[in-house]
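Try each task on your own, then follow the solution step by step.

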Amino acid sequence: MTSSPAAPGSRLASRLGFSDRVFVGPAARRIVLQIEDGLDLVETGLAEELHVADSIADASARYLYEAGGKRIRPVLTLLTAQLGDGNIPAVIDIAKALEMTHLGSLYHDDVMDGADRRRGVPAAHAVWGNNVAILTGDILFSRASQLMAKYGDRAIRLQADTFERLVMGQFHETVGAQDGDDPIEFYLQVLADKTGSLIAAATQGGAIFSNAPADYEEPLRVYGEKIGVAFQLLDDVIDLSADPAETGKVPGTDLRAGVPTMPYLLLKARTDAASVALAERIDDGVAKIADGAEADILDGPLAELRDHVVTQQTLELAGSWTRDAVDALAPLPKGTVRQALVRFAETLADRSR
């Protein structure tokens, strides 16, 4: 028995995480076909751009690309480009460059975080070692910059500013909040830099390089940055309740590694005795793990944190950032593009359920 062909928009909708009911009607279908055609061009182009003459560099550069991914950033670039001239060559190249920048950051992040796996395969540093993984990330960044340079100062500035924010976000996460910093505001800025900046470049870049009205650029930038922050806040909740059978991750992976998350920071800000005691138990467990203790000593405290009110507060905070993202779209014309961006924002919360 043969399967029925996917409905128009189903492949695109699945990438964005919602049903294809948004893409109903002839105009919406035309946009869907444009985006899916654009994604095919991006995929083909990435395979070409990631080819390196050196055999080891070629294998490592293509490694995470071939492991898959939803290509959310290219999808958002192609989606917002439909507000302008659509899939023109500049838009395809910008989408490729931003995805390569994202992929390059993953190589670096996994080294710094000591992550064992990425996208269902061993992390690159587990295969080739830290030095090759870091240098591979650098190759991807350079290839992305070469693509961007084809389109002049505006593209170069977008790439440079985004890359600086990615680096500073990782830098600040590494060194931590300093005396006088508000830990929660500091953390939100880290999320905006590490994740929000690249999604913002994708949503704004689609408008810029498709020649969409200039008035759309700032709303799309704000939308992308706020969605990025909301996405990471939800990840903090998911991190506490991850099912190892499904994700391959132990619940509380970040906290066990000593990386603060929003539920933990909200817990540390509380002064009631029970919260203070729980925070002390978590801190003590993290210190012991750093000294060589088994990571499971935090199982109990992290289960308590998952059920604590601060985890619900994190969800509410993510919801607030999501609503602000949707509000930022008000200057955009009503239609399929805006509706799809709104639905993408609204369905982010489903990731935590």
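This is a predicted model: local features need pLDDT of at least 70, side-chain atom pairs count only at pLDDT 80 or more; totals for chains, interfaces and linings use all residues.

**Exercise 1: A second ring pair**

Task: The count comes to two aromatic pairs. Describe the pair made by F141 and F163.

Solution: 
- Step 1. The ring centres of F141 and F163 lie 4.6 Å apart.
- Step 2. Their planes are at 55°, so the pair is tilted.
- Step 3. F141 belongs to helix α7 (residues 130-149) and F163 to helix α8 (residues 152-175), so parts 22 residues apart in sequence are tied together.
- Step 4. Is each residue buried or partly exposed? F141 is buried, at 9% relative accessible area, while F163 is partly exposed, at 30%.

**Exercise 2: A residue in a loop**

Task: Say where Y151 is found and which residues it touches.

Solution: 
- Step 1. Y151 is in the loop between α7 and α8.
- Step 2. Its relative accessible area is 25%, so Y151 is partly exposed.
- Step 3. Set aside residues up to four places away in sequence; Y151 then touches P89, A90, D93, I94 and F209.
- Step 4. Take D93 from that list. Y151 and D93 are 58 residues apart in sequence, and 9.3 Å separates their C-alpha atoms.

**Exercise 3: A charged residue under cover**

Task: Decide whether E217 counts as buried or exposed, and list its contacts.

Solution: 
- Step 1. E217 is found in helix α10 (residues 217-241).
- Step 2. Its relative accessibility is 13%. Buried means under 20%, so E217 counts as buried.
- Step 3. Leaving aside neighbours within four places in sequence, E217 is in contact with R154, Q204, A207 and I208.
- Step 4. Glu counts as charged.

**Exercise 4: Two helices side by side**

Task: Work out how helix α4 (residues 72-81) and helix α17 (residues 336-347) pack.

Solution: 
- Step 1. The axes of α4 and α17 are 10 Å apart, and the packing angle is about 150°.
- Step 2. That makes α4 roughly antiparallel to α17, as angles over 145 degrees get this label.
- Step 3. The crossing of α4 past α17 is left-handed.
- Step 4. From α4, the residues I72, L76, L79 and T80 make the contact; from α17, V337, A340, L341 and F344 do.
- Step 5. Sort the contact residues of α4 and α17: seven are nonpolar, one is polar and none is charged.

**Exercise 5: The whole chain**

Task: How many helices and strands are in the protein chain, and what share of its residues count as buried?

Solution: 
- Step 1. The protein chain has 17 helices and two strands.
- Step 2. Of its 353 residues, 48% count as buried.
- Step 3. Take the contacts between residues at least 6 apart in sequence: 70% of them join residues at least 24 apart.

Conventions. Residues are numbered from 1 along each chain as its sequence is written. Side-chain values use heavy atoms; hydrogens and water are left out. Axes are lines fitted to C-alpha atoms, for helices over the stretch in contact, and angles run from 0 to 180 degrees between N-to-C directions. Helices (H or I, at least four residues) and strands (E, at least two) are DSSP runs, numbered from the N terminus. Angles under 35 degrees count as roughly parallel, over 145 as roughly antiparallel, 65 to 115 as roughly perpendicular and the rest as oblique. A crossing is left-handed if the near helix is turned anticlockwise from the far one by less than a right angle, and right-handed if clockwise. Contact means heavy atoms within 4.5 Å. Rings of Phe, Tyr and Trp (its six-membered ring) pair if their centres lie within 6.5 Å; planes under 30 degrees apart count as stacked, over 60 as edge-to-face and the rest as tilted. Buried means under 20% relative accessible area, exposed over 50%, partly exposed in between (1.4 Å probe, protein chains only).
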